[in-house]
Amino acid sequence: MENHDFSSALGEFIKSRRHRLQPENAGIKPLPGRRRTPGLRREEVAYLANVSVTYYTWLEQGR
């Protein structure tokens, strides 16, 4: 498996997990109003993982 294939597979995996998890299940109090994103937002996952939003976004994009 090439590095690009691995990065892409990793990105798809963490994105699918992010979409499955609801804020209340992750201990995050959702803000009032409608959420446009299924599951957690990237910012929320980055906060929970103690990494920058930029770094998390790069992981999800397979960089």
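These legends walk through several views of one predicted model.

**A note before you look.** Because this is a predicted model, local features need pLDDT of at least 70 and side-chain atom pairs count only at pLDDT 80 or more, while totals for chains, interfaces and linings use all residues. Residues are numbered from 1 along each chain as its sequence is written, and side-chain values use heavy atoms, with hydrogens and water left out.

View 1. Helices (H or I, at least four residues) and strands (E, at least two) are DSSP runs, numbered from the N terminus. Read along the sequence, you get the pattern α-α-α. The C-alpha atoms fill a box of roughly 45 × 20 × 15 Å along the principal axes. As for confidence, the mean pLDDT (the predictor's confidence in each residue, from 0 to 100) is 89, and 97% of the residues reach 70 or more. H1 has the lowest confidence, at a mean of 90, and H3 has the highest, at 95. Where pLDDT is low, the predicted coordinates should not be read in detail.

**View 2. Six residues build the largest nonpolar core.** They are Ile14, Ile28, Leu40, Val45, Ala46 and Tyr56. A nonpolar core here is a set of buried Ala, Val, Leu, Ile, Met, Phe, Trp, Tyr and Cys residues joined through side-chain atoms within 4.5 Å. Buried means under 20% relative accessible area, exposed means over 50%, and partly exposed is in between (1.4 Å probe, protein chains only). Of the 63 residues in the protein, 24% are buried. Zoom in on Ile28: leaving aside neighbours within four places in sequence, Ile28 is in contact (heavy atoms within 4.5 Å) with Pro23, Leu40, Glu44 and Leu48.

**View 3. Arg18 and Glu60 meet in a salt bridge, 2.9 Å from N to O.** This pair links distant parts of the chain, with Arg18 in helix H1 and Glu60 in helix H3 (residues 53-61), 42 residues apart. A salt bridge is a side-chain nitrogen of Lys or Arg within 4 Å of a carboxyl oxygen of Asp or Glu; by this rule the count comes to four. Both Arg18 and Glu60 are buried. Arg42 joins in too, as Arg18, Arg42 and Glu60 are linked in a network of salt bridges.

**View 4. Glu44 pairs with Arg35 and with Arg41.** In the salt bridge between Glu44 and Arg35, the closest N and O atoms are 2.8 Å apart. For Arg41 and Glu44, the N to O figure is 3.8 Å. Glu44 counts as buried because its relative accessibility is 12%, while Arg41 is partly exposed, at 27%.

**View 5. Phe6, Leu10 and Phe13 make a nonpolar surface patch of about 280 Å².** Patches are made of residues with over 30% relative accessible area and no salt bridge: like charges are joined within 9 Å, nonpolar side chains (Val, Leu, Ile, Met, Phe, Trp, Tyr) within 5 Å. Accessible areas come from the Shrake-Rupley method with a 1.4 Å probe, and for residues only the protein chains shown count as cover. Phe6 sits in helix H1 (residues 3-20) and is partly exposed, with a relative accessible area of 47%.

**View 6. Ser7 also has its place in helix H1.** Ser7 counts as buried, at 13% relative accessibility. Setting aside neighbours within four places in sequence, Ser7 is in contact with Leu59 and Gly62.
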